[in-house]
Amino acid sequence: MEILNMELTVLTWLMVKHFVADYFLQTPWMIKGKADYGALGGLFHAGEHAILTAFVLWWVPGISVWWALFMAVVDFVLHYHIDWCKSNYLRGNFTFSPMPLDIEDAEYWWAMGTDQFAHYLTYVLIVVWTIA
């Protein structure tokens, strides 16, 4: 039961950090650059997530700093590419994208929901690799 409590605690803190990074720290400059591979806005946004992930994991008893940093890199790579895929889908840049989408299109919200779900699955993966 103690391990389950630790897993849920870490998962909750990763979700809190996601909420803060995606909704309070993200700027229009970051959002604009997400669809352009290598643009600083998307890299900076994913970097914020990575730094906050390392900070969350740094507080977990028994987790080395190196492991926390490795998981931060994992979060960076996955977060960046999840956002890049979503942003390009919304712009209609993929052959399977219907067209550029906006908030009035159902497909826009499907893409946003899929994006958030993929991020949360990343946190489940980090918790499983770190604690379980």
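Let's start with the lining of the largest pocket: sorted by class, it holds six nonpolar, four polar and seven charged residues. Keep in mind that this is a predicted model.

The space in that largest pocket comes to about 300 Å³. Its lining has 17 residues, and those closest to the centre are Ile31, Lys34, Lys86, Tyr108 and Met112. Which elements supply at least two residues each to this lining? They are helix 1, helix 2 (28–33), helix 4 and helix 5 (106–130).

The second largest pocket has a lining of ten nonpolar residues, one polar and one charged. Helix 1 and helix 3 are the elements that give two or more residues to that lining, and helix 1 gives the most, with six. Among the lining residues are Trp13, Phe55, Trp59 and Pro61, along with Met6 and Lys17.

| Pocket | Volume | Lining by class |
|---|---|---|
| Largest pocket | about 300 Å³ | six nonpolar, four polar, seven charged residues |
| Second largest pocket | about 190 Å³ | ten nonpolar, one polar, one charged residues |

Now for helix 3 itself. Its 19 residues reach 26 Å from the first C-alpha to the last, close to the 27 Å expected at 1.5 Å a residue.

Ile63 sits in the loop between helix 3 (40–58) and helix 4 (65–91). Is Ile63 buried or exposed? With a relative accessible area of 17%, Ile63 falls under the 20% cut-off, so Ile63 counts as buried. Setting aside neighbours within four places in sequence, Ile63 is in contact with Leu57, Ala68 and Thr130. As for Val124, Ile63 is 61 residues away from Val124 in sequence and 16 Å away in space, C-alpha to C-alpha.

How far does the predictor trust all this? The mean pLDDT of the protein is 94, and 98% of its residues reach 70 or more. Confidence is highest in helix 3, at a mean of 98, and lowest in helix 1 (residues 2–23), at 93. Those two helices are also the ones that give two or more residues to the lining of the second largest pocket.

Key:
Residues numbered from 1 in each chain as written. Predicted model: local features only at pLDDT ≥ 70, side-chain atom pairs only at ≥ 80, totals over all residues. Heavy atoms only, no water. Helix = DSSP H or I, 4+ residues; strand = E, 2+ residues; numbered from the N terminus. Buried < 20%, exposed > 50% of the residue type's maximum accessible area, 1.4 Å probe, protein only. Contact = heavy atoms within 4.5 Å. Expected span 1.5 Å × (residues − 1). pLDDT = per-residue confidence, 0-100. 1 Å grid on protein atoms, 1.4 Å probe; cavity = no way out; pocket = protein on both sides within 12 Å on 5 of 7 lines; lining within 4 Å. Points joined across faces, edges and corners; volume = space filled by probe spheres on them. Nonpolar A, V, L, I, M, F, W, Y, C, P; charged D, E, K, R; others polar.
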